[in-house]
Amino acid sequence: MTVRLEGAAGDEVRSLRDWLVEEDELRGRVRLVEVPPAPGELGPLLDALNIALDSGGAATALATIAVAWIRSRHTDITVTAERPTGSIRIEGRQVRRLDATAVQSLIEQTGRALDSTRSTAHDVDAAGSADPASADRPSSTTVG
C-alpha cells in the first residue's frame with residue numbers, strides 16, 4: 001500500500017512515518033519513498049510511504065495512527081492510501097471536527113477498508129458508515 005500526503009512537505013511524511021513505526025504491528029513495515037531531485041536541486045524528495053499490511057492488526061493500527069496524526073496537525077493535510085482495489089482519502093479538516101464516537105467509527109471502518117487480506121473494499125464516509133454496494137468495485141473514497 002502506498003500512502004501519500006497532500007498539503008504537506010517532506011517533513012510531514014517523515015513525521016507520519018515516525019508515528020507509524022512506534023506501533024508494534026507496523027514496525028519494520030513502513031518505508032519512505034523518495035523521488036529523484038529535479039534538475040538543479042540537491043538530494044531526493046520524500047514522496048510517499050510504502051506500508052506492508054498483513055492479516056493481523058496492521059490495518060487497524062494504520063487507521064488509528066493516521067487519524068490521530070491527522071487530528072494533531074494544524075494544517076489541512078489530506079492522506080490518501082492507495083491499494084490495488086482502490087483508495088481511501090482522509091481529509092484533515094473534516095476529521096478534526098468529529099466527536100469521539102465518530103472518530104472511533106471512522107477508525108474501525110477505515111481499518112476494515114484498508115485490510116489487505118479482504119477481497120473487497122467498502123466506501124467509508126466521515127461518519128464511519130460503510131457502503132456495502134461498493135464491495136464489488138474498486139473504491140475511491142474520500143473521508144470528509
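**Basis of the description**

Contact denotes heavy atoms within 4.5 Å. The model is predicted, so local features need pLDDT of at least 70 and side-chain atom pairs count only at pLDDT 80 or more, whereas totals for chains, interfaces and linings use all residues. Residues are numbered from 1 along each chain as its sequence is written, and side-chain values use heavy atoms, with hydrogens and water left out.

**Thr-78 in strand 4**

Thr-78 lies in strand 4, residues 78-83 (strands are DSSP runs of E, at least two residues, and helices runs of H or I, at least four, numbered from the N terminus). With a relative accessible area of 7%, Thr-78 is buried (under 20% relative accessible area; 1.4 Å probe, protein chains only). Apart from neighbours within four places in sequence, Thr-78 contacts Arg-4, Leu-5, Glu-6, Arg-89, Ile-90 and Glu-91.

The buried residues of helix 2 include Ala-58, Leu-62, Ile-65 and Trp-69.

Helix 2 (residues 58-72) packs with helix 4 (residues 100-114) at an angle of about 135 degrees, their axes being 8 Å apart (axes are lines fitted to C-alpha atoms over the stretch in contact, and angles run from 0 to 180 degrees between N-to-C directions). The two helices are therefore oblique to each other, a class left after angles under 35 degrees (roughly parallel), over 145 (roughly antiparallel) and 65 to 115 (roughly perpendicular). From helix 2, Ala-59, Thr-60, Leu-62, Ala-63, Thr-64, Val-67 and Arg-71 meet Val-103, Leu-106, Ile-107, Thr-110, Gly-111 and Leu-114 of helix 4.

Note on methods:
Buried means under 20% relative accessible area, exposed over 50%, partly exposed in between (1.4 Å probe, protein chains only).
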